[in-house]
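The sequence and structure are shown first.

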Amino acid sequence: MSFLSVVVAAGEGLRAGPGEPKAWRLLAGRPVVRWSVEALLSAGAREVAVVVAQDRRSAVEDALYGLSGWTAVSGGATRALSVRAGLAALSGPDDTAVLIHDAARPFVTGTHVAALLATLEGCDGAVPALPVPDTLKRGDGAVSETVSRDGLWRAQTPQAFRLGRLRAAYAAWPGASEPTDDAQVVEAAGGRIALAPGDPMLMKLTYPEDFAMAEQLAGGRRIVRTGFGVDAHRFGPGSEVWLGGVRISHDQGLIGHSDADAGLHALTDALLGAIADGDIGQHFPPSDPKWKGVSSDRFLTHAVGLAQAKGGQVISADLTLICERPKIGPHRDDMRARIAELLGLPIGRVSVKATTTEGMGFTGREEGLMAQAVVCVETPA
Ligand code: MG
């Protein structure tokens, strides 16, 4: 669903200690404000108004360099004035969904956004909220009261509203006091706010120690990607074949530009697939004489290097060889050991399987053999 967004990055965030305001500090090499804006754009925001202090107008251009779909807006003296400035910069029908987000919550995702937009249906606002797990005390040095936490929630951002309703609520808000969030403004105007599932990952970077934790979370955000590869080579005259990185005596050879090791070729394509980096033919064109007769070890090693350059780490490989002959069983563990060595894996993460097609098709007629492979790679999210 299409939506608009206001990202508030105008505060100075003095509680985060000396140095740059928190929205402008680097988190895993990217300014915090960029994390938030990038996430909302990739979640489908049609336009993001990024509200910054007047003297940050050029800094925001640098921080968001290369992104499109956002506009810089000068903020006001308070958060509420900044939100109003952001809302004024957006355009759309009154019923357009608008998400108001604090830049200092960098780990917002498309999943959070989808849950909020779904919760907004039939309400005037939707707020991600978490129950309060700790016992609450009221006091000043000494406890004066233990406060029941029944029915209490911690409200996070982004908070979702309808553009017209939120603008009207802000217009009606009494100027003397400062709301603590946007939902409060809509509540005061008689609106019904629904609670959406909150997430500890929507943490707000407030204190210096929050940055240390966020840095760890940012570095630790990795996903597993899976790639699939297929290859086939034709049998021809010869006395040996290379398969799975292992030389096997046979009464035929395999025809190919390189050593025709269909097993390593399928693994290479699977690995390239997992990192979405083309295919083996693009990286090693058969038209290039440089690759004539070379050992296919080179292809797989090169693909491992490409994955590493993207911060990736191969975590497992599963190869299936499809042929009537040669028999794979006697060579299976040698292949596993060689593939494990090429991929930098313990042998327990490498599988080699074999099957026939029961005499059917080109492998059944022993015109050639086929290989299929799946490789999993852990990469930055
Ligand atoms: Mg091949």
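**Overall form**

The model is predicted. Its protein chain contains 12 helices and 19 strands. The radius of gyration is 29 Å, well over the 21 Å that the globule rule gives for 381 residues, so the chain is more spread out than a compact globule. Along the principal axes, the C-alpha trace spans about 90 × 45 × 45 Å.

The chain is divided into two domains: domain 1 covers 3–134 + 146–219, and domain 2 covers 222–380. Their C-alpha centres lie 48 Å apart. Of the 381 residues, 48% are buried. Among contacts between residues at least 6 apart in sequence, 70% join residues at least 24 apart.

**The magnesium site**

Which residues coordinate the magnesium ion? The donors are Asp231 through OD, His233 through NE2 and His265 through ND1, at 2.1 to 2.2 Å. Their spacing in sequence is D-x1-H-x31-H. Distant parts of the chain are linked here: Asp231 belongs to strand 13 (residues 222–236) and His265 to helix 8 (residues 262–274), 34 residues apart. Asp231 and His265 are both buried.

**Aromatic residues**

The structure holds 4 aromatic pairs. In one of them, the ring centres of Trp35 and Phe107 are 5.6 Å apart and the planes stand at 90°, so the pair is edge-to-face. Trp35 is located in helix 1 (residues 32–42), while Phe107 is in the loop between strand 6 (97–102) and helix 4 (110–120), so the pair ties together parts that are 72 residues apart in sequence. Both Trp35 and Phe107 are buried.

Another pair is formed by Trp291 and Phe299, with ring centres 5.9 Å apart and planes at 75°, so this pair is also edge-to-face. Trp291 and Phe299 are buried. Ring pairs join Phe284, Trp291 and Phe299 into a cluster.

Two arginines lie over ring faces. Arg25 is placed over the face of Phe211, at 4.8 Å from the ring centre. Arg30 is placed over the face of Trp35, at 4.0 Å from the ring centre; Trp35 is the residue whose ring also pairs with Phe107.

**Backbone features**

Most residues other than glycine have a negative phi, and most peptide bonds are trans. The table lists exceptions in this model.

| Site | Feature | Value |
|---|---|---|
| Thr157 to Pro158 | cis peptide bond | omega near 10° |
| Arg325 to Pro326 | cis peptide bond | omega about -5° |
| Ala276 | positive phi | phi near 50° |
| Glu358 | positive phi | phi near 55° |

Where do these residues lie? Pro158 is found in the loop between strand 10 (153–155) and strand 11 (159–162). Pro326 occupies the loop between strand 17 (313–322) and helix 11 (332–343). Glu358 is in the loop between strand 18 (350–355) and helix 12 (361–364).

Are Ala276 and Glu358 buried or exposed? Ala276 has a relative accessibility of 58% and therefore counts as exposed. Glu358 is exposed as well, with a relative accessible area of 70%.

Conventions. Residues numbered from 1 in each chain as written. Predicted model: local features only at pLDDT ≥ 70, side-chain atom pairs only at ≥ 80, totals over all residues. Heavy atoms only, no water. Donors = N, O, S within 2.8 Å, 3.2 Å for Na, K, Ca; no water. Helix = DSSP H or I, 4+ residues; strand = E, 2+ residues; numbered from the N terminus. Buried < 20%, exposed > 50% of the residue type's maximum accessible area, 1.4 Å probe, protein only. Phe/Tyr/Trp six-rings, centres within 6.5 Å; stacked < 30°, edge-to-face > 60°. Lys NZ or Arg CZ within 6 Å of the ring centre and 35° of its normal. Domains from an automatic or database assignment. Rg over C-alpha atoms; globule rule 2.2 N^0.38 Å. Contact = heavy atoms within 4.5 Å.
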